[in-house]
Amino acid sequence: MEPTVPDLQALSQWDRQFYRFVEQQQLLKPKQLALALKIQRQQHGPLALILWQLGFVGLQHLAQFWERVSGGADPDLLQDEAFG
């Protein structure tokens, strides 16, 4: 059974951005992401932290994401218009 595409509007702005980052970097298998999103819905915690706690992303991935967000290196990650 294939995991379904999550409702990104149900995620916070930061979770949507991190989700896009993970997809763009192809860091996870769909089943890993589906599990993390299921846990995120239950715990209401940040997706990045949940993925890290599960061991699906490392500190280097988190640092790379924050560099892109803070430095504006990837405009696709910032498309939510919440920074202006």
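A polar contact is a pair of N or O atoms within 3.5 Å, where, within protein, one must be able to donate a hydrogen and the other to accept it. Keep in mind that this is a predicted model. With that in hand, look at Asp15, which is found in helix H1. Its side chain and that of Gln40 are joined by a polar contact of 3.1 Å.

What is the nearest side chain of opposite charge to Asp15? That is Arg16, 8.3 Å away. A salt bridge needs a side-chain nitrogen of Lys or Arg within 4 Å of a carboxyl oxygen, and Asp15 has none, even though Asp15 is buried. Leaving aside residues up to four places away in sequence, Asp15 touches Gln40, Gly45, Pro46, Leu47 and Ala48.

Leu47 also leads us to the nonpolar side of the story. The largest nonpolar core has 18 residues, and Leu47 is among those with the most contacts inside it, together with Phe18, Val22, Leu28, Leu37, Leu51 and Val57. Two or more residues of this core come from each of helix H1 (13-25), helix H2 (30-43), helix H3 (47-53) and helix H4 (59-71). As background, nonpolar side chains in soluble globular proteins tend to be buried together.

Not counting residues up to four places away in sequence, Leu51 touches Phe18, Val22, Leu28, Ala36, Phe56 and Val57.

Now turn to the rings. The structure holds 5 aromatic pairs. One of them is formed by Trp14 and Trp66, which sit 5.1 Å centre to centre with 45° between the planes, a tilted arrangement. Because Trp14 lies in helix H1 and Trp66 in helix H4, this pair ties together parts that are 52 residues apart in sequence.

Phe65 itself counts as buried, at 1% relative accessibility.

Finally, step back to view the rings as a group. Ring pairs link Trp14, Phe18, Phe21, Phe65 and Trp66 into a cluster.

How values were computed
Residues are numbered from 1 along each chain as its sequence is written. This is a predicted model: local features need pLDDT of at least 70, side-chain atom pairs count only at pLDDT 80 or more; totals for chains, interfaces and linings use all residues. Side-chain values use heavy atoms; hydrogens and water are left out. A nonpolar core is a set of buried Ala, Val, Leu, Ile, Met, Phe, Trp, Tyr and Cys residues joined through side-chain atoms within 4.5 Å. Buried means under 20% relative accessible area, exposed over 50%, partly exposed in between (1.4 Å probe, protein chains only). Helices (H or I, at least four residues) and strands (E, at least two) are DSSP runs, numbered from the N terminus. Contact means heavy atoms within 4.5 Å. Lys and Arg count as positive and Asp and Glu as negative; His and the chain ends are not counted. Rings of Phe, Tyr and Trp (its six-membered ring) pair if their centres lie within 6.5 Å; planes under 30 degrees apart count as stacked, over 60 as edge-to-face and the rest as tilted.
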